[in-house]
2 protein chains.
Amino acid sequence: MKLLSKSRDAEATRRKVIETAFGEIYRNGFQGASVNTIAEETGLTKGALFHYFASKQALGYAVVDEYIGPLLLQRWLDPLRDSDDPIRTIRKTCKRYVKEDIASGHFVFGCPLNNLAQEMSPLDKEFHKRLNTLYDTWRSAYAEAIRNGIKNRTVRDTVSPKSAAALIVAAQMGIWGTGKSSQDAERMQQAGDALCDYLDTLRASFKPTGAKR
Amino acid sequence: MKLLSKSRDAEATRRKVIETAFGEIYRNGFQGASVNTIAEETGLTKGALFHYFASKQALGYAVVDEYIGPLLLQRWLDPLRDSDDPIRTIRKTCKRYVKEDIASGHFVFGCPLNNLAQEMSPLDKEFHKRLNTLYDTWRSAYAEAIRNGIKNRTVRDTVSPKSAAALIVAAQMGIWGTGKSSQDAERMQQAGDALCDYLDTLRASFKPTGAKR
DNA sequence: CAACATACCTACCGGTAGGTATGTATGTCA
DNA sequence: TGACATACATACCTACCGGTAGGTATGTTG
């Protein structure tokens, strides 16, 4: 028999460390996060923490692989599967998470993925490899979705899927960046709405003479 | 008589510290930058450096006020003065600095202003105040330029200046963020071109049936 | 129960971070 | 020429960082 005791459950402990580390890294950056604090918050000693992760870096990589990556897929990419109106889906998803992050107050810490990418990409090859792969996945998924939109006539055929995908992802970096740098919900909201306006210009039905915000 | 000697010129020394600090902070982030290294690179001892700046923070604020701020104005805002075609000017300026940063290799370190804003805004009020003011200035200048463009019929009157300005600035954060996180010139170029495409959709002459990239 | 593995703790390491107290060299001005 | 401020150097302090050595407690398995 196994897993009888709640404590001394290795898998759960490991997971808890990763979740705590995610929070600390999200709030303070990777370099700014302290393994002492992470251990303390987890209710573990530093020795125990290093029983699970060979180094602070290894813990960081695990946070990317086992927390941030899956979160990206679940939040942003899953909704696109089985969507026959990609513009509508992207628009809705964006609006939703802007709203959620403002409501929770998380927006002041920006986007976990972007934070790590900005901080660590030039400093650490392993981080860069992982984070870059995630962003490539994101852009590819958007491009593919837009391509489908063109096929089914919901998107203008004068739109370049790859180019539009690059801009949408960049704009999302910028929206969360705006929230973080301004620490102001209204400015973030404005940037989010502006992206939605742009998304509407991609629709097959778009007319430049239409309503303005 | 003053300023006879090249060394022991306080103003020049101070400036040199700021420039060195800018480089270190640009490459390593504020928290990652070491005052030991900055002092060493300046050819100064740590004691001497702290003769000019009361703390590492104070040095950081000086870098924003006396280096990054002026750089922003000179690079991005000055070209807009006396421009009667804001779209063309923003487009040209963006293309120019994407090209320059790729050529110099600086793009792998991202945008100095954005780096600091992302890293320090949630952690330090003084940084936040300064950096947020700079971004507000930036957005306001763009909004004003677009408003002028609408007046002189170079920009569609269905465009919301404030909204478009928010998106353009956010997209620029994202373009440099893309370069930094991908460490790849081509991906950054793609994002830059995509922003240019978007800018063209703001023109009064824009037709959705036009050429695609 | 014995043998062993895994989970976790205590105490400590070397290194470096930002910061400071104090001394000295240099230029200015009365 | 001598008093004084400023520019800089030397030496050192404290706090904390990531990381480890060595032990103990709690299983699991035969």
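## Chain fold and burial

A residue is called buried when its relative accessible area is under 20%. By that criterion, 52% of the 213 residues of chain A are buried in this predicted model.

The secondary structure of chain A consists of 9 helices and 0 strands, and the order along the sequence is α-α-α-α-α-α-α-α-α. The C-alpha trace of chain A extends over about 65 × 40 × 35 Å along its principal axes. When contacts in chain A between residues at least 6 apart in sequence are considered, 66% of them connect residues at least 24 apart.

## Relation of the two chains

Two copies of a chain are related by a rotation about an axis and a shift along it. Here a turn of 180 degrees, with a shift of 0.0 Å along the axis, places chain A on chain B with an RMSD of 0.1 Å. This is the relation of a two-fold axis.

Chain A contributes 50 residues to the contact and chain B contributes 50 residues. Because 100% of the interface residues of chain A are also interface residues in chain B, the copies meet through the same surface. The area buried between chain A and chain B is about 4000 Å², and carbon and sulfur atoms give 57% of that area. On the side of chain A, the residues that lose the most area to chain B are Gln118(A), Ser181(A) and Pro208(A), which together account for 14% of what that side buries.

Ser181(A) belongs to helix α8 of chain A. With a relative accessible area of 1%, Ser181(A) is buried because the value falls under 20%.

Apart from residues up to four places away in sequence, the contacts of Ser181(A) are Ala117(B), Gln118(B), Ser121(B), His128(B), Asn132(B), Tyr135(B) and Met173(B).

## Helix α6 of chain B

Helix α6(B) is mostly covered, with 8 of its 9 residues buried.

The C-alpha atoms of Asn114(B) and Gly174(B) are 9.6 Å apart, although 60 residues separate the two along the chain.

Rolling a probe the size of a water molecule over the atoms shows where empty space is left. A search of the whole structure identifies 3 cavities of 30 Å³ or more. The largest cavity has a volume of about 360 Å³. It is lined by 28 residues, and those closest to its centre are Asn115(A), Gln118(A), Glu119(A), Asn115(B) and Glu119(B). Two or more lining residues come from each of α1 (10-28) and α6 (112-120) of chain A and α1 (10-28) and α6 (112-120) of chain B. The lining of the largest cavity comprises 10 nonpolar, 12 polar and 6 charged residues.

The second largest cavity has a volume of about 60 Å³. Its lining is formed by Phe22(A), Ile25(A), Tyr26(A), Gly29(A), Val63(A), Ile68(A), Pro112(A), Asn115(A), Leu116(A) and Glu119(A). At least two of the lining residues are supplied by each of α1, α4 (56-77) and α6 of chain A, and the largest share, 4 residues, is that of α6(A). By type, the lining of the second largest cavity divides into 7 nonpolar, 2 polar and 1 charged.

## Positive phi angles in loops of chain A

Most residues other than glycine have a negative phi. Arg153(A), a residue other than glycine, has a positive phi near 70 degrees. Arg153(A) is situated in the loop between α7 (125-151) and α8 of chain A and counts as exposed, at 67% relative accessibility.

Gln183(A) likewise is not a glycine and has a positive phi of about 55 degrees. Gln183(A) lies in the loop between α8 and α9 (185-201) of chain A. With a relative accessible area of 26%, Gln183(A) is partly exposed.

Notes
Residues numbered from 1 in each chain as written. Chains lettered and ligands numbered in written order. Predicted model: local features only at pLDDT ≥ 70, side-chain atom pairs only at ≥ 80, totals over all residues. Heavy atoms only, no water. 1 Å grid on protein atoms, 1.4 Å probe; cavity = no way out; pocket = protein on both sides within 12 Å on 5 of 7 lines; lining within 4 Å. Points joined across faces, edges and corners; volume = space filled by probe spheres on them. Nonpolar A, V, L, I, M, F, W, Y, C, P; charged D, E, K, R; others polar. Least-squares fit on C-alpha atoms with pLDDT ≥ 70 in both. Contact = heavy atoms within 4.5 Å. Buried area = accessible area lost by both parts, 1.4 Å probe. Buried < 20%, exposed > 50% of the residue type's maximum accessible area, 1.4 Å probe, protein only.
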